[in-house]
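Hi there,

Here is the structure I promised to pass on. Have a look at it first, and my notes follow below.

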Amino acid sequence: MNKKSSYVGGEKFNKLSKKEGYRSRAAYKLKQINESHNLIKPNQNILDIGSAPGSWCQVVKETVKGKSKITAIDILPMQPIDGVFFVKKDLLEISDKDFNHSFDLVLSDIAPNISGISVIDSENMIELLNIEIYLINKLLVKGGSFLAKCFHGNSFEHLKSFMKDKFEEVSRVKPQASRASSNECYLIGKKFKN
Ligand SMILES: C[S@@+](CC[C@H](N)C(=O)[O-])C[C@H]1O[C@@H](n2cnc3c(N)ncnc32)[C@H](O)[C@@H]1O
């Protein structure tokens, strides 16, 4: 796909998110991933890492059925969403003690501020992934699932190696709503071994 068609794709989801009331076009990334991988299930406790402005929380809220607790973390403020417990904190300063229960599903769309220097961006992504990995080891229930953003290259390899070790099923996904020109992709781990 060339730059122009990738931009058109991004524009399409920007317009759609305004029309459908989502806070960002990122909503469609989670919707598309969930349609193909069936991550959000009834009665799950769900953690959303890097949640602002909140479109993934909106999708989780409208998709999850039954009794579930939704927790979201971001360093930036997030407008409240009914039923979502929001923690405004730097992920690099978080500990498992910030949570009082475990999770069945952890979603992460977190990304560092991009400098454009790939070595630095990759190192910063790995630093964030290491905190996610720490939280997964402490807080994800046996059999639980983890969806996380990474970049092609070192951060992808780092996350894949953790997931291959700790999850029974691992897959890579690049949703249509993610610009083809973007370096991001997502990895999904299912059936956490714990
Ligand atoms: C792509 S946005 C997430 C969009 C979100 N999934 C949505 O649907 O609205 C990435 C988020 O990661 C957050 N972030 C980046 N570094 C962070 C850090 N160290 N601690 C907490 N949040 C961070 C940013 O503030 C930003 O809101």
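Asn-38 is exposed, with 10 other C-beta atoms within 10 Å; exposed means 12 or fewer such atoms, buried means 20 or more, and partly exposed lies in between, with C-beta atoms placed from the backbone. Asn-38 has a positive phi of about 50°, although it is not a glycine. You will find Asn-38 in the loop between helix H2 (26-37) and S1. Helices (H or I, at least four residues) and strands (E, at least two) are DSSP runs, numbered from the N terminus.

A word on the source: this is a predicted model, where local features need pLDDT of at least 70, side-chain atom pairs count only at pLDDT 80 or more, and totals for chains, interfaces and linings use all residues. Residues are numbered from 1 along each chain as its sequence is written.

Lys-191 also has a positive phi, near 65°, and is not a glycine either. This lysine sits in strand S7 (residues 184-192) and is partly exposed, with 14 other C-beta atoms within 10 Å.

Next, a cis peptide bond: the one from Ala-52 to Pro-53, with omega near 5°. Pro-53 lies in the loop between strand S1 (46-49) and helix H3 (55-63).

Finally, the ligand. Around it are 22 residues, the closest being Ala-26, Gly-50, Ser-55, Leu-91 and Asp-109; a residue counts as near if its C-beta atom, placed from the backbone, lies within 6 Å. H2, H3 and strand S2 (70-74) each give two or more residues to this shell.

Best wishes
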